[in-house]
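Please look over the sequence and the structure shown below before reading on. The briefing that follows begins with one residue and its surroundings, and then moves on to other parts of the chain.

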Amino acid sequence: MTPSPPTCSLHTTPSSSFEKLYLNFFALSGYGQENRGLLFPAAPSSGQWFHTGKGSINNMVIKMVSYRCVQKSYPSLLPSLGVILIFMDESLSIIQRAITSVISRTPPRLLKEIILVDDFSSNEELKVSLNEKIKLYNQKNPGLLKMIRHSERRGLAQARNTGWAAATAEVVAILDAHIEVNIGWAEPILARIQEDRTVIVSPVFDKICFDTLQLQKYGLAVHGFNWELWCRYDALPHAWIDLNDVTAPVKSPSIMGILAANRLFLGEIGALDGGMLVYGGENVELSLRVWQCGGKIEILPCSRVAHLERYHKPYALDLSIFLKRNALRVAEIWMDEYKHMVYLAWNIPLQNSGIDYGDISSRIALRKKLKCKTFDWYLKNVYPLLKPTLNIVGYGRVRASICLDQGPVPGNTPIMHPCHEFSPQNIYYHQTGEFYMGNLIAEANSDDRCLTDPGHGENPTLEPCSTAAQSGRHIHWDFKQVSHMPFKWEVLTNTV
Ligand SMILES: [Mn+2]
């Protein structure tokens, strides 16, 4: 199974527990009472939540939250919280579940507002029916919910900005609308941001299966990304493990999309980049900006949010167009002399890519105004796992009438295959003569795959470059331009 975080798909090994998702439509009846009504009858002081009625709704939810977190106490005075739920063509029931969970699982004294932002949905039930539901919620909780509707589709980043701009609380939590927050989710966020207004935090995500609404627990991990700027989970840092405190914030190079921040600080560093279109990359853009411009990012192990991993994202038929375009925008604004890595990873020529990443002048000006650090600083101090590849002299595809392809994976036999635009046909030719095939990896702990001659006249294979080199196999290839050469570099760029 491949789990996926709020805005993208990624690769991780989730922990194994499966639980039926809680049904929380009773929860509203508890709103306004400090003991939180039907769903939350017991105070967490003794850890008795773990023992209330085997298989009960409480048990199922609370199992996701660590015992150490339940025991933790927080300052009685905490900043106020505004929750922003953005959506586009979500189903009504899913949005109601999100609202209900926020109301029932956030102490009323802390929850100042819930702001819904509709990024121009076409789904009819999100109009009159949703308005009626909001009226009902507000009858019980006067003024708590606000609804803002875009009159044209403006994309994820702008929807988040719209919500942020309408908020008045000291801290904003900007969430998808296909989530349900867990018990005690808000206190760790508010306490941490109260301690340090420059920290942007993410909760830990658990998975809601889209077809069964079962809840699956995910392990704690750091939020990272690859050179396509596609998000993924990375291992926990040693420094955090050495703390021996499962409740401690985890320093993270990035966020997946969902975030909480001091509202004013988020504004000072430029909120979300409104030039990011439709979907993807806006989370990495914010992450680089936060780190490079004097803030920090942390994952809070005691704050858990269940995220529904959708079967189909409604934003566009082919999201890769926007992922690619937005990634180039991030590279051009923030990545300095390393921006070529994004072009390499997407297999796009450095010059004349034909991709319009929009006007970046105001974001460059912002970077100057905030006196932000370089991407080189970020790589060395925040995300050393990403390892730029230097001295690639050419990249693209090798094409005759069909293309050189990395072949089936798992497997290590390159093949000839009809040409397409995807990464199995990416090739990278290194100054040393090494010839990488497939997805560009370029990480500290894992190798690119080198085209390898096993010797004895056998067909070439693909091997991790260092393994092949250590075993003395031939990985250096020499290409000469000859008139009858059947192959050509389809996209060939110069030294980068
Ligand atoms: Mn999502």
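In this predicted model, Ile84 is in contact with Ile115, Val117, Arg160, Gly163, Trp164, Ala167, Val172, Ala173, Ile174 and Leu175, when its neighbours within four places in sequence are left aside. Ile84 is also among the residues with the most contacts inside the largest nonpolar core, together with Leu85, Val172, Ala173 and Val342. That core has 123 residues.

**The core and the chain as a whole**

- In soluble globular proteins, nonpolar side chains tend to be buried together.
- The chain has 496 residues, of which 44% count as buried, and its secondary structure comes to 14 helices and 22 strands.
- When contacts between residues at least 6 apart in sequence are considered, 73% of them join residues at least 24 apart.

**Helix α5**

- Helix α5 takes in residues 155-166, twelve in number, and from its first C-alpha to its last it reaches 17 Å, which is close to the 16 Å expected at 1.5 Å a residue.
- Because ten of the twelve residues of α5 are buried, this helix is largely enclosed by the rest of the structure.
- The buried residues of α5 are Gly155, Leu156, Ala157, Gln158, Ala159, Arg160, Asn161, Thr162, Gly163 and Trp164, and Arg160, Gly163 and Trp164 are also listed among the contacts of Ile84.
- The covering of these buried residues includes the strands β2 (81-87), β3 (111-118), β4 (145-149) and β5 (171-176), as well as the helices α8 (263-268) and α9 (282-292).

**Helices α3 and α4**

- The axes of helix α3 (residues 92-105) and helix α4 (residues 128-140) come within 11 Å of each other and cross at roughly 20°, and that angle makes α3 roughly parallel to α4.
- The crossing in which α3 passes α4 is right-handed.
- Where the two helices meet, Leu92, Ile95, Gln96 and Ile99 belong to α3, while Ser129, Leu130, Lys133 and Tyr137 belong to α4.

- Arg68 lies in helix α2, which covers residues 67-71.
- Since 13 other C-beta atoms lie within 10 Å, Arg68 is partly exposed, a class that falls between 12 or fewer for exposed and 20 or more for buried.
- Although Arg68 and Val246 are 178 residues apart along the chain, their C-alpha atoms are separated by 7.3 Å.
- With its neighbours within four places in sequence left aside, Arg68 is in contact with Val246 and Thr247.

How values were computed
Residues are numbered from 1 along each chain as its sequence is written. This is a predicted model: local features need pLDDT of at least 70, side-chain atom pairs count only at pLDDT 80 or more; totals for chains, interfaces and linings use all residues. A nonpolar core is a set of buried Ala, Val, Leu, Ile, Met, Phe, Trp, Tyr and Cys residues joined through C-beta atoms within 7 Å. Two residues are in contact if their C-beta atoms, placed from the backbone, lie within 7 Å. Helices (H or I, at least four residues) and strands (E, at least two) are DSSP runs, numbered from the N terminus. The expected span of a helix is 1.5 Å times one less than its number of residues. Axes are lines fitted to C-alpha atoms, for helices over the stretch in contact, and angles run from 0 to 180 degrees between N-to-C directions. Angles under 35 degrees count as roughly parallel, over 145 as roughly antiparallel, 65 to 115 as roughly perpendicular and the rest as oblique. A crossing is left-handed if the near helix is turned anticlockwise from the far one by less than a right angle, and right-handed if clockwise.
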